[in-house]
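Here is a short report on the chain shown below. Please keep the structure open while reading.

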Amino acid sequence: MPGDGPDDDSSDDARDDDSPEDDFRDDELDDDSGDDDLDDRPAGDHGQRLRPTATAGPLSPLTSRVGRFRQSAAELRQSLAGEASARAASSKLRERGLDESEPSTFLESDEPGTPTDVPPDLTAAAFFDVDNTLVQGASIVHFARGLAARDYFSYRDVMEFVWAQAKFRMTGRENSEDVAQGREKALSFIAGRETDELVRLGEEIFDEFIADKIWPGTRTLAQMHLDAGQQVWLVTATPVELAQTIADRLGLTGALGTVAESVDGVFTGRLVGDILHGLGKAHAVRTLAIREGLNLKRCTAYSDSHNDVPMLSLVGTAVAINPDADLREVARVRGWEIRDYRTARKAAKIGVPTAVLLGAAGGGAAAAVRHLRR
């Protein structure tokens, strides 16, 4: 399948399935982009711009397609967004003192909160989309509601977010005008604010508006991966500060999210690249896998949206959660697992995902099975 792993074997392998709907190619996510000199930046500077010419605005006609593989301006911005997100995630992991020998929280299924003796699975991980996959509805809308309750936004602004999300859910297609307006409104809100303020607001709003909207079934899947000794990452267009808060509250490893540029702990009002979306998510996952030594063939990805087919195509096991119509069709064609928690009837038999069974060590598999049966 597309996507390079940490070693030569995984980097040369590709998925045999070349179905027409696979619009994701290796050359769109090439990591040989000449940014190795940026990896030595201080951990706290991940929000600063990676390249002076990369902005959220349009490039000139002369530079509308750039780079070794003639990336479009939008593709370049997504590439930058993915790199920035992976860099931020790795930096956060190091700040927390977690590395490959100390994976994130593992919980004993029979005794929540009690550490297990399951050894870490250093090369396998799970990647979860957030909106409608882990969280019921759009996390950014819940965040906007919290801001409106604190008089940062008006409820009219919240309704605009809700309407844009409703149109997206009904049509399955994003309106570029809605996206642009939402981006500008969000950036104008954070410009000049301290990054710590957004983190604090995210924590408060999660507790008030998001905590009770976590899909229990998806939460169980995430816990199974943790019980198997694997890292669990969120991958979302939501601002990385809010995404990281969700990950922290759920005891997950970390989050890949949209990175806003900051200087000396203050937001500038610009994005690094663009909103993390589509190809950007796939690039972030692939870049993080290289940084953390993950074998993408042993990883699992979960999403509800056909927009995440690039990310789902990267990993060895793809699972459609509460899928939209297009993703459901792609999943059926490619033989991906389908799980629907929106109704009492499950769209697929609830069992331990293949990657968890293959990656679990010793008692990890038994713990995962016991957790499902509770």
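## Ground rules and overview

Helices (H or I, at least four residues) and strands (E, at least two) are DSSP runs, numbered from the N terminus. The model is predicted.

The chain has 13 helices and ten strands. Of its 374 residues, 53% are buried. Take the contacts between residues at least 6 apart in sequence: 66% of them join residues at least 24 apart.

## Aromatic pairs

A pair of aromatic rings is described by the distance of the centres and the angle of the planes. The structure holds two such pairs. Phe128 and Tyr302 form a stacked pair, at 4.2 Å centre to centre and 10 degrees between the planes. Planes under 30 degrees apart count as stacked. Phe128 sits in strand S3 (residues 125-128) and Tyr302 in strand S8 (residues 300-303), so this pair ties together parts that are 174 residues apart in sequence. Both Phe128 and Tyr302 are buried.

Tyr152 and Phe189 pair edge-to-face, with 5.5 Å centre to centre and 90 degrees between the planes. Tyr152 belongs to the loop between helix H3 (139-149) and helix H4 (155-171), and Phe189 to helix H5 (residues 176-190), so parts 37 residues apart in sequence are tied together by the pair. Phe189 is buried, with a relative accessible area of 9%.

## Helix H2 against helix H9

Helix H2 (residues 73-95) packs with helix H9 (residues 279-292) at an angle of about 40 degrees. Their axes are 7 Å apart. That angle makes H2 oblique to H9. The crossing of the two helices, H2 and H9, is right-handed.

Which residues meet here, in H2 and in H9? On the H2 side they include Glu75, Gln78, Ser79, Gly82 and Glu83. Further along H2, they include Ala86, Arg87, Leu93 and Arg94. Among those on the H9 side are Leu279, His283, Thr287, Leu288, Arg291 and Glu292. By class, the contact of H2 with H9 has six nonpolar, eight polar and six charged residues.

## Helix H6 against helix H8

Helix H6 (residues 195-210) and helix H8 (residues 240-249) pack at about 55 degrees, with axes 9 Å apart. H6 is therefore oblique to H8. The crossing of H6 and H8 is right-handed.

From H6, the contact takes in Leu198, Val199, Gly202, Glu203, Phe206, Asp207 and Ile210. H8 supplies Glu241, Leu242, Thr245, Ile246 and Arg249. The class count for the contact of H6 with H8 is six nonpolar, two polar and four charged residues.

## How H8 is enclosed

Eight of the ten residues of H8 are buried, so H8 is largely enclosed by the rest of the structure. The buried ones are Val240, Glu241, Leu242, Ala243, Gln244, Thr245, Ile246 and Ala247.

What covers the buried residues of H8? The cover includes H2, H3, H6 and S4. It also includes strand S5 (254-258) and strand S7 (266-271). After H8 comes Gly251, whose phi is positive, near 75 degrees.

## Ala237 in strand S4

Ala237 lies in strand S4 (residues 231-239). Ala237 counts as partly exposed, at 32% relative accessibility. Leaving aside neighbours within four places in sequence, Ala237 is in contact with Thr258, Ile275, Leu276 and Lys281.

Ala237 and Asp129 are 108 residues apart along the chain. Their C-alpha atoms are separated by 8.9 Å.

Asn132 is not a glycine, yet has a positive phi of about 70 degrees. Asn132 lies in the loop between S3 and H3. With 17% relative accessibility, Asn132 counts as buried, because the limit for buried is under 20%.

Asp151 is another residue other than glycine with a positive phi, near 65 degrees. Its place is the loop between H3 and H4. At 70% relative accessibility, Asp151 counts as exposed, because exposed means over 50%.

Conventions
Residues numbered from 1 in each chain as written. Predicted model: local features only at pLDDT ≥ 70, side-chain atom pairs only at ≥ 80, totals over all residues. Heavy atoms only, no water. Phe/Tyr/Trp six-rings, centres within 6.5 Å; stacked < 30°, edge-to-face > 60°. Buried < 20%, exposed > 50% of the residue type's maximum accessible area, 1.4 Å probe, protein only. Axes fitted to C-alpha atoms, helices over the stretch in contact; angles between N-to-C directions. Parallel < 35°, antiparallel > 145°, perpendicular 65-115°, else oblique. Left-handed = near helix turned anticlockwise from the far one by under 90°. Contact = heavy atoms within 4.5 Å. Nonpolar A, V, L, I, M, F, W, Y, C, P; charged D, E, K, R; others polar.
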